[in-house]
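This explanation leads the reader through a predicted model. Please keep the sequence and the structure in view while reading.

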Amino acid sequence: MSDSLKGKTIVIVGAGPGFGRTLALRAAEEGATVVVAARTASRLDEMVDEIRAAGGTAHAATVDATDPESVRGLRETVAQHTDAVHGLVYGAFAVPSMKPLAQTDHEQISRGIDLSVLGALRTTQEFTPLLEACAATADVEQTDAVPASSSVVMMASAVIHHSRERYAGYKIAKTALVALGHSLATELGPRGIRVNTVAPGYIYGDTLRSYFEHLATKYGGTVEDVYAHTAEKMDLRRLPSEREIVDPVMFLLSAAASAVTGQTLTVDCGEFHT
Ligand SMILES: NC(=O)c1ccc[n+]([C@@H]2O[C@H](COP(=O)([O-])OP(=O)(O)OC[C@H]3O[C@@H](n4cnc5c(N)ncnc54)[C@H](OP(=O)(O)O)[C@@H]3O)[C@@H](O)[C@H]2O)c1
């Protein structure tokens with residue numbers, strides 16, 4: 001274990017079995033107290049058990065990010081463990097419509113915006129006092145100082161860089177999330193809170209592999225064929241692993257990114273040059 005996040009609390013909202021679990025384990029390895037939050041208690045409990053078995057500190061808290069009362073309850077639960085939150089990662093996601101806009105009803109688009117954008121906003125609003133408690137004011141005499149800041153990281157997607165037909169609903173929500181990140185960075189910067197988004201291309205783990213299995217069965221061929229066909233468009237001819245998405249998030253949470261705010265970091269093995 002290293003201790004770069006020792007004494008710090010990281011809250012992961014929308015902690016799923018792939019990226020969220022890998023991030024939680026990694027943050028705990030770095031010494032953070034990790035709070036994993038989503039709707040499925042059993043999965044959160046498994047993550048907490050895994051972290052504790054590895055010697056880390058973690059708590060589970062159920063939350064529905066679309067429900068303001070539930071998000072308030074999450075903040076109250078977290079406040080029982082700490083009076084300051086160093087990092088908030090928002091990754092809640094539900095599969096969008098994947099149909100052209102002409103066949104997508106507005107209710108589906110609204111649901112995507114509610115979860116991806118308003119969920120991130122209401123969570124950040126609710127945690128702002130706890131995030132602010134970590135920040136320090138700049139000292140103009142200290143030219144080489146790194147003032148303490150807290151960090152919000154929101155999970156967007158490289159879908160913001162393309163307009164493929166079936167991704168319209170997803171693109172609308174994730175592009176609005178990037179805009180939200182910009183505005184929150186401006187609004188919360190004076191309070192010492194940094195806000196950035198990460199835009200993964202793909203996250204290659206069990207979930208994506210299962211989807212590739214589905215595509216291989218539907219269209220013929222093997223998972224390896226689907227992977228190779230997909231990776232063809234990447235400069236590195238491969239897809240980012242969960243760990244390779246987690247590491248840039250860890251960077252944005254860390255003191256190494258103390259002057260980085262209002263940015264979108266695309267992590268896609270070189271599919272888009274932004
Ligand atoms: N996987 C990829 O290839 C990929 C590519 C680009 C971007 N991304 C982005 O990266 C992030 C993580 O992706 P992922 O594949 O790890 O996603 P994931 O496995 O679906 O995990 C996200 C979690 O969000 C939780 N969630 C859904 N609705 C929620 C709600 N109302 N309140 C609270 N939690 C909720 C779900 O858990 P519960 O059902 O238990 O609530 C789910 O496990 C997402 O924002 C996604 O858009 C992923």
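A residue is called buried when its relative accessible area is under 20%, exposed when that area is over 50%, and partly exposed in between. By this rule Tyr211, with a relative accessible area of 38%, is partly exposed. Phe212, in contrast, is buried at 2%. The rings of these two residues have centres 6.4 Å apart and planes at 40°, so they form a tilted pair.

Tyr211 and Phe212 belong to a cluster, linked by ring pairs, that also includes Tyr204 and Tyr227. The structure holds four aromatic pairs. One of them joins Tyr204 and Tyr227 edge-to-face, at 4.9 Å centre to centre and with 80° between the planes. Tyr204 lies in the loop between E6 and helix H6 (206-219), and Tyr227 lies in helix H7 (residues 223-231), so this pair ties together parts that are 23 residues apart in sequence. Tyr227 is partly exposed, its relative accessible area being 21%.

Attention now turns to the sheet. Seven strands form an open sheet with parallel pairing, in the order E3-E2-E1-E4-E5-E6-E7. Strands E3 (57-62) and E7 (264-267) stand at the edges with a single partner strand each, so one side of each has no neighbour in the sheet. On average, neighbouring strands are turned by 20° against each other, direction ignored. Within the sheet, E1 (residues 9-13) and E4 (residues 87-90) pair in the parallel sense over four bridges; Val13 has Tyr90 in E4 as its bridge partner.

Helices pack on this sheet as well. Helix H2 (residues 41-53) touches E2 (33-38) and E3, and its direction makes about 175° with that of E3. Helix H8 (residues 242-253) lies across E1, E4, E5 (150-155), E6 (193-200) and E7, running at about 150° to E5.

Notes:
Residues numbered from 1 in each chain as written. Predicted model: local features only at pLDDT ≥ 70, side-chain atom pairs only at ≥ 80, totals over all residues. Heavy atoms only, no water. Pairing = 2+ DSSP bridges. Helix = DSSP H or I, 4+ residues; strand = E, 2+ residues; numbered from the N terminus. Axes fitted to C-alpha atoms, helices over the stretch in contact; angles between N-to-C directions. Contact = heavy atoms within 4.5 Å. Phe/Tyr/Trp six-rings, centres within 6.5 Å; stacked < 30°, edge-to-face > 60°. Buried < 20%, exposed > 50% of the residue type's maximum accessible area, 1.4 Å probe, protein only.
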